[in-house]
Amino acid sequence: MRIAILDLGTNTFNLLIAEIGDNKKLNIIHSSKQPVKLGKGGIQKKIITDAAIKRGFKAIENHLKVTKEYNVEKTYAFATSAIRDARNSMVFIKNVKEKYNIYVHIIPGEREAEMIYKGVRQSMQVGPDPVLILDIGGGSNEFIIANDNKIFWKQSFNLGMARMLEMFNPQDPISKEEVHKIESFFNQSLEPLFEAVQIYEPLFLIGAAGSFETFSALLSHLYPEKYSNTGIPSHEINIDDFRELHRTLLSSTIEERKKMPGMEPVRVEMIVLASIFVNFTLKKCKLHKIYQSDYSLKEGVIAELLDL
């Protein structure tokens, strides 16, 4: 049996197709994404604009063409922050049901964090000691402190990069004063995280999908001998390499980032804020090692369906 997972995120709509066999193994046969920017122009007002809805419908149509090509028998759709918080979310979901006969499940932030953990666990051995998992989204960021066997603490923060972009609207390139202002805002907003880190003392950071995939892609072009594609869905990001990339991103303009090999177009505007967020998290939580996992929410949904 072939199933599809549609992850309707704030920046991108993601598609994952998996083959479900008797062995209950996570067998992914297709993964792709469509840029949507569903939160653009409305995320701070808690609405999905008409233009964003049109982009969302187009992305769903493109994904459904792929599901037909792969003879998918069942499609599950999940919506996260932008749809979760929008006042007109039910209109969007009703239209998706009427146009495409797909019911969209809106999942709470805490549930999203749990799914992310289950996805990451399919990509790598987390280990017996606590680690900090981070998924950076457009609308929200999910933090999870966990080991291979259990979640110790989890929380979703409405600090996604689309929200931060509309809130701070930084100069091009961003100024030092703006970086300081943004970091001060993160410092005030993430107090529950800092308290949890003091209690559980995670050993390192695991970045799930999204912005971390873009960091890895950029680094693979800067240091191809270190970051060659091995087909393994997780790998270590050297922290000194990340810091060098962070400094490069801070001094870059939008036009310069557009030309960077490995830069995903949908992240051109937001990647600097994502880099600030990760760099701040590493410093504040005193973490000195980063791993990047290709797997996140959608892989976690399939893992849960298979009871892995």
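Helices (H or I, at least four residues) and strands (E, at least two) are DSSP runs, numbered from the N terminus. The model is predicted: local features need pLDDT of at least 70, side-chain atom pairs count only at pLDDT 80 or more, and totals for chains, interfaces and linings use all residues. Residues are numbered from 1 along each chain as its sequence is written, and side-chain values use heavy atoms, with hydrogens and water left out.

Start with helix H9 (residues 239-250), which holds Asp241. Buried means under 20% relative accessible area, exposed over 50%, and partly exposed in between (1.4 Å probe, protein chains only). Asp241 has 6% relative accessibility, so it counts as buried. Contact means heavy atoms within 4.5 Å. Setting aside residues up to four places away in sequence, Asp241 touches Leu219, Tyr223, Lys226 and Tyr227.

Now turn to the sheet. Two strands pair if DSSP finds at least two bridges between them. In general, strands of a sheet pair through backbone hydrogen bonds, either parallel or antiparallel. Here five strands form an open sheet in the order E3-E2-E1-E4-E5, with mixed pairing. E3 and strand E5 (104-106) stand at the edges with a single partner strand each, so one side of each has no neighbour in the sheet. On average, neighbouring strands are turned by 20° against each other, direction ignored. E1 and E4 run parallel and are joined by six bridges. Leu6 stands opposite Ala77 in E4.

Helix H3 (residues 89-100) lies across E1, E2 and E5. H3 runs at about 155° to E5. Such axes are lines fitted to C-alpha atoms, for helices over the stretch in contact, and angles run from 0 to 180 degrees between N-to-C directions.

Helix H12 (residues 297-305) has seven of its nine residues buried, so it is largely enclosed by the rest of the structure. The buried residues are Leu297, Lys298, Glu299, Gly300, Val301, Ile302 and Ala303. Their cover includes strands E1 (2-8), E2 (12-19), E3 (27-35) and E4 (74-79), along with helix H4 (109-123). Just after H12, Asp307 takes a positive phi of about 60°.

Next come the cores. A nonpolar core is a set of buried Ala, Val, Leu, Ile, Met, Phe, Trp, Tyr and Cys residues joined through side-chain atoms within 4.5 Å. The largest one has 50 residues, and Leu190 and Leu193 touch the most other members. Helix H11 (residues 271-285) gives the largest share, ten residues. Leaving aside neighbours within four places in sequence, Leu190 is in contact with Phe143, Phe157, Leu159, Phe277 and Phe280. A second, separate core of 28 residues includes Ala4, Leu6, Val66 and Ala79.

Last, the rings. Rings of Phe, Tyr and Trp (its six-membered ring) pair if their centres lie within 6.5 Å; planes under 30 degrees apart count as stacked, over 60 as edge-to-face and the rest as tilted. The count comes to 13 aromatic pairs. Phe143 and Phe157 have ring centres 6.0 Å apart and planes at 80°, so this pair is edge-to-face. Phe143 lies in strand E7 (residues 141-146) and Phe157 in strand E8 (residues 151-157), so the pair ties together parts that are 14 residues apart in sequence. Both residues are buried. The charged end of Lys284 sits over the ring of Phe194, 5.1 Å from its centre. By definition, NZ of Lys or CZ of Arg must be within 6 Å of the ring centre and within 35 degrees of the ring normal.
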